[in-house]
Amino acid sequence: WCNFQVEEGETVPKHYMGTGQYRKHLVEQGDLHHDQDVFHIIAAANGGPNHPDNYFGAMSASFNRSLGNRMDYLCCYLAGLEKTKKAVSRALEAERLCRENPDLYTKWFRVGKGKKPTLYSQNS
């Protein structure tokens, strides 16, 4: 499970992007291995938005999938205080933007077809 890579510094993108786009970015940086997933700090199912501030970076795919959406507290611990603060701040910002203009911002959440997104404040 220790196969992880935390992206920090100037290479971290500043804009919202899906996990596929972020995966491509990590591959270009040389920071993603074949057995790794993009790893959310706040699980997408718990209102964690698709933004690099909420991505831990890359983590073992089997470990990521075994956690699912049940252990955000562990993900926050692994990410550290500063990265967790960024993730929470970004989740609250994304929620505000989504409430103001759902047509534009819902895409940055994981949403089932025909459903509303789960927002961070609904799970905290």
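The protein has 5 helices and 3 strands; helices (H or I, at least four residues) and strands (E, at least two) are DSSP runs, numbered from the N terminus. This is a predicted model, in which local features need pLDDT of at least 70, side-chain atom pairs count only at pLDDT 80 or more, and totals for chains, interfaces and linings use all residues. Residues are numbered from 1 along each chain as its sequence is written, and side-chain values use heavy atoms, with hydrogens and water left out.

**Exercise 1. Overall build**

Task: State in which order the elements of the protein run, and compare its radius of gyration with the globule rule.

Solution: 
Step 1. Starting at the N terminus, the order is β-α-β-β-α-α-α-α.
Step 2. The radius of gyration is taken over C-alpha atoms, and the globule rule is 2.2 Å times the number of residues to the power 0.38.
Step 3. For 124 residues the rule gives 14 Å, and the radius of gyration of the protein is 14 Å, so the protein is as compact as a globular protein of that length.
Step 4. The C-alpha trace spans about 35 × 30 × 25 Å along its principal axes.
Step 5. Of the 124 residues, 47% are buried. Buried means under 20% relative accessible area, exposed over 50%, and partly exposed in between (1.4 Å probe, protein chains only).
Step 6. Contact means heavy atoms within 4.5 Å. Among contacts with a separation of 6 or more, 66% join residues 24 or more positions apart.

**Exercise 2. The two sides of helix 1**

Task: Find which residues of helix 1 (residues 19-29) are buried and which on the other side are exposed.

Solution: 
Step 1. Tyr22, His25 and Leu26 are the buried residues of helix 1.
Step 2. These residues cover an arc of only 100° around the axis, which puts them on the same side of helix 1. The arc is that of the directions from the helix axis to the C-beta atoms.
Step 3. Lys24 and Glu28 are exposed on the other side of helix 1.
Step 4. Strand 2 and strand 3 are among what covers the buried residues of helix 1.
Step 5. After helix 1 comes Gly30, with a positive phi near 80°.

**Exercise 3. The nonpolar core**

Task: Say how many residues the largest nonpolar core has and which elements give two or more residues to this core.

Solution: 
Step 1. A nonpolar core is a set of buried Ala, Val, Leu, Ile, Met, Phe, Trp, Tyr and Cys residues joined through side-chain atoms within 4.5 Å.
Step 2. The largest such core has 13 residues; Phe39, Ile41, Ile42, Phe56, Met59, Phe63 and Leu67 have the most contacts inside it.
Step 3. Two or more residues come from each of strand 3 (55-60), helix 2 (61-67), helix 3 (72-79) and helix 4 (81-100).
Step 4. The most, 3 residues, come from helix 3.

**Exercise 4. Salt bridges**

Task: Give the number of salt bridges in the structure and describe the bridges of Asp37, Glu95 and Arg96.

Solution: 
Step 1. A salt bridge is a side-chain nitrogen of Lys or Arg within 4 Å of a carboxyl oxygen of Asp or Glu. The structure holds 7 salt bridges.
Step 2. Asp37 pairs with Arg65, with the closest N and O atoms 3.0 Å apart.
Step 3. Asp37 is buried at 9% relative accessibility, whereas Arg65 is exposed at 61%.
Step 4. Glu95 and Arg99 form a salt bridge at 3.0 Å, N to O. They are 4 residues apart in helix 4, about one helical turn. Glu95 is buried at 8%, and Arg99 is exposed at 53%.
Step 5. Arg96 and Glu100 form a salt bridge at 3.2 Å, N to O. They too are 4 residues apart in helix 4, about one helical turn. Arg96 is partly exposed at 43%, and Glu100 is exposed at 56%.
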